[in-house]
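Reader: I am new to this structure. Please take me through it by question and answer.

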Amino acid sequence: MFANIVDELAKRGHEVTLVAQKDSMTPEGGRLIEKSSLNDDGQLNARKEFDNINSAEVTEAMQNADIVHSCENFHFSVQWVKEVKKSNHFIQHLISNDAWNIRIPMNVICISQTHRQHMIHNSYGFQQLPFPPYVSNVRGIHIKDARVVCPDIDLEKWKPKNYEKGDYWIWFSRFNPDKNPDDFIEIARRCPNEKFKMFGAHKYLDHADYFYRGREDHPEPYEKMVKETPNIELLEEDVVADMGKKIDLISRAKGFIFPVGLRTNFHESFGLVILEALALGTPVLATPYGSCADIIRHGKTGFICSDVDTFIERMQDIGKIRPQDCRREAEKNYRKGKQAEAFEKIYKAVLLGESW
């Protein structure tokens with residue numbers, strides 16, 4: 001998501017400084033400030049992120065910037081901007097449904113219309129971090145408004161060889177309860193004559209706990225659940241990094257089954273996996289929760305399903321969806337460059353004194 005923004009802004013002649021991990025992209029004509037906020041085990045470290053944002057190098061870069069575009073997790077840079085009274089040159093780009101980390105309820109960018117509504121109507125905030133000045137009690141923070149900039153996708157990168165379909169259904173995401181692989185497994189068990197494939201993050205971070213060992217909120221490991229379902233083929237996590245394999249698997253699937261939110265309280269703020277499937281000509285069956293219904297055109301590029309029975313019923317109708325229509329939807333509304341175009345307009349408005 002962010003790489004597309006940075007790449008396109010650089011191509012449009014903007015000088016971009018990116019603060020990111022080592023081996024991240026270096027913007028054309030700009031620079032990369034290498035800062036990692038992860039522990040050795042890959043977990044996010046709030047103390048390290050705070051130190052990185054307040055380092056002399058990053059502080060100077062923010063002081064010299066026309067616009068500070070923040071996508072970082074705890075929004076420590078928001079506090080920095082507030083202290084130097086440059087908040088009118090700052091935007092908060094939120095990609096999750098967490099409002100607790102918002103320190104300044106202004107210039108908020110959401111990534112779908114449903115995400116915006118969620119943030120406006122359910123905005124609250126609290127900070128309970130282990131060091132000052134961010135230790136505080138629960139506090140309410142009201143977001144009066146938020147702009148929407150949807151993610152886009154590199155259609156040259158995400159391009160099917162053809163629109164020929166195989167004989168299987170697919171699920172790909174992170175192996176944790178938020179992404180609800182549980183009901184995909186349940187659908188597979190109730191459709192023993194169909195073939196299913198799964199791949200996604202499961203070896204690192206908390207994904208490994210859920211996959212191999214189970215956790216208090218999900219005691220049964222996903223590995224065990226999949227092994228007990230013979231018509232599911234589990235693919236290794238390295239498929240995530242192998243674009244050729246990934247594109248081939250997704251593009252040849254009869255459909256992408258994404259029952260996110262069926263048994264959890266998780267509402268997808270956008271869902272890049274949906275865009276990836278559509279760009280590859282694969283219809284999407286998803287829930288009405290979060291942004292899914294914002295992206296999927298029911299009956300045209302997929303189906304919105306409210307329970308497992310409906311998913312199974314709509315699987316029988318997948319032949320009504322033309323793969324070319326899925327691809328066309330991605331080309332029309334989510335081509336790479338649309339984010340950068342939208343942010344250019346927002347930057348200009350903010351520099352002229354506009355805020356929301």
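**A buried asparagine and its surroundings**

Author: Asn180 has 0% relative accessibility and so counts as buried (buried means under 20% relative accessible area, exposed over 50%, partly exposed in between, with a 1.4 Å probe and protein chains only). This is a predicted model, in which local features need pLDDT of at least 70, side-chain atom pairs count only at pLDDT 80 or more, and totals for chains, interfaces and linings use all residues. Residues are numbered from 1 along each chain as its sequence is written, and side-chain values use heavy atoms, with hydrogens and water left out.

Reader: Where is Asn180 found, and what is its phi?

Author: Most residues other than glycine have a negative phi. Asn180 is found in the loop between β9 and α6 (helices, H or I of at least four residues, and strands, E of at least two, are DSSP runs numbered from the N terminus). Asn180 is not a glycine, yet its phi is positive, at about 50 degrees.

Reader: How is α6 placed against α12?

Author: Residues that make the contact (heavy atoms within 4.5 Å) include Ile187 of α6 and Met315 of α12. The crossing is right-handed (the near helix is turned clockwise from the far one by less than a right angle). The axes, lines fitted to C-alpha atoms over the stretch in contact with angles from 0 to 180 degrees between N-to-C directions, come within 10 Å and cross at roughly 60 degrees. That makes α6 oblique to α12 (under 35 degrees is roughly parallel, over 145 roughly antiparallel, 65 to 115 roughly perpendicular, and the rest oblique).

Reader: Which residues have the most contacts inside the largest nonpolar core?

Author: A nonpolar core is a set of buried Ala, Val, Leu, Ile, Met, Phe, Trp, Tyr and Cys residues joined through side-chain atoms within 4.5 Å. The largest has 60 residues, and those with the most contacts inside it are Ile170, Ile187, Phe196 and Ile274.
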